[in-house]
Amino acid sequence: MEPDPRFTLANERTFLTWLSTALALSAGGVAMAAVPADVFVPWIRTTLAVVLVSLSALAAGMAYPRWRNIQRALRAQEPLPPPALAAVFGYGVAFVAVAALVLIIVSART
């Protein structure tokens, strides 16, 4: 059975939002890697950049399978699958933000 087109289009917008999020995380990782060495400790800066780019790859890689699973559930009129990776992205971005904040405060004091 065909689902209501509004739900299909909402699912598509969510898919595109995951891709936009992946691009933003990737840009954040590249920006973190480009921060001058004298601003943050180099290994911490690199770690934060790697976390952001890894989250980017995960978001981009999981966007289509999530879209497909939701579309399948909509067509079968079944419950939607839970957002299994939401916690990973939430905590991952929060970790990077808190670590960057600490580094900014520490570097401002010196």
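**A first walk through the model**

Tutor: Let's start in a loop. Gln77 sits in the loop between helix 2 and helix 3. Keep in mind that this is a predicted model.

Student: Is Gln77 buried or exposed?

Tutor: Gln77 is exposed, because its relative accessible area is 58%, and exposed means over 50%.

Student: What is phi of Gln77 near?

Tutor: Phi of Gln77 is near 55°. That is a positive value in a residue other than glycine.

Student: OK, zoom out. How many helices and strands does the protein have?

Tutor: There are three helices and zero strands. From the N terminus on, the order is α-α-α.

Student: Is the protein spread out or a compact globule?

Tutor: The protein is more spread out than a compact globule, because its radius of gyration is 18 Å, well over the 13 Å that the globule rule gives for 110 residues.

Student: What box do the C-alpha atoms fill?

Tutor: Roughly 65 × 20 × 20 Å, taken along the principal axes.

Student: What share of the residues is buried?

Tutor: Buried residues make up 23% of the 110. The protein exposes about 7100 Å². Carbon and sulfur atoms supply 72% of that area.

Student: And the charges? How many are positive and how many negative?

Tutor: The protein has 8 positive and 5 negative charges. Their mean positions are 6 Å apart.

Student: New topic. What does UniProt annotate here as a domain?

Tutor: The unreviewed UniProt entry gives "domain: DUF202" for residues 6-73. In the model that span is 90% helix and 0% strand. Its end C-alpha atoms lie 15 Å apart.

Student: Which residues does the "transmembrane region" annotation cover?

Tutor: The unreviewed UniProt entry puts it on residues 43-64 and 85-108. Residues 43-64 are 100% helix in the model, with end C-alpha atoms 33 Å apart. Residues 85-108 are 96% helix and 0% strand, and their end C-alpha atoms are 34 Å apart.

Student: Now contacts. Of those between residues at least 6 apart in sequence, what share joins residues at least 24 apart?

Tutor: That share is 71%. Let's look at some examples.

Student: Start with Ala22. Where does Ala22 lie?

Tutor: Ala22 lies in helix 1, which covers residues 5-34. Ala22 counts as buried, because its relative accessibility is 5% and the cut-off is under 20%.

Student: What is Ala22 in contact with?

Tutor: Leaving aside neighbours within four places in sequence, Ala22 is in contact with Ser56, Ala59 and Ala60.

Student: Tell me about Ser56. Which helix is that in?

Tutor: Ser56 is in helix 2. Ser56 is buried too, with a relative accessible area of 9%. Beyond its neighbours within four places, Ser56 is in contact with Ala22, Leu25 and Ser26.

Student: And Ala60? Where is that found?

Tutor: Ala60 is also found in helix 2, which runs over residues 42-76. With 37% relative accessibility, Ala60 counts as partly exposed. Not counting residues up to four places away, Ala60 touches Leu19 and Ala22.

Student: How many Å apart are Ala60 and Ala22 in space?

Tutor: They are 5.5 Å apart, C-alpha to C-alpha. Along the sequence they are 38 residues apart.

Student: What about Ala22 and Pro65?

Tutor: Those two are 43 residues apart along the chain. Their C-alpha atoms are separated by 15 Å.

Student: Over to helix 3. Is Gly92 buried or exposed?

Tutor: Gly92 counts as buried, at 13% relative accessibility. Gly92 has its place in helix 3, residues 86-109.

Student: What does Gly92 touch?

Tutor: Val51, Leu55 and Ala87, not counting residues up to four places away in sequence. Gly92 and Leu55 are 7.4 Å apart in space, C-alpha to C-alpha. In sequence, 37 residues separate Gly92 from Leu55.

Student: Last one. Where is Phe95 found?

Tutor: Phe95 is in helix 3 as well. Phe95 is partly exposed, at 45% relative accessibility. Setting aside neighbours within four places, Phe95 is in contact with Leu48 and Val51.

Student: How many Å apart are Phe95 and Leu48?

Tutor: C-alpha to C-alpha, they are 8.8 Å apart in space. In sequence they are 47 residues apart.

How values were computed: Residues numbered from 1 in each chain as written. Predicted model: local features only at pLDDT ≥ 70, side-chain atom pairs only at ≥ 80, totals over all residues. Heavy atoms only, no water. UniProt positions renumbered as here; feature names shortened; annotations may be inferred. Helix = DSSP H or I, 4+ residues; strand = E, 2+ residues; numbered from the N terminus. Rg over C-alpha atoms; globule rule 2.2 N^0.38 Å. Buried < 20%, exposed > 50% of the residue type's maximum accessible area, 1.4 Å probe, protein only. Contact = heavy atoms within 4.5 Å. Areas by Shrake-Rupley, 256 points an atom, 1.4 Å probe, with all protein chains shown as cover. Lys, Arg positive; Asp, Glu negative; His and termini not counted. Charge placed at Lys NZ, Arg CZ, Asp CG, Glu CD.
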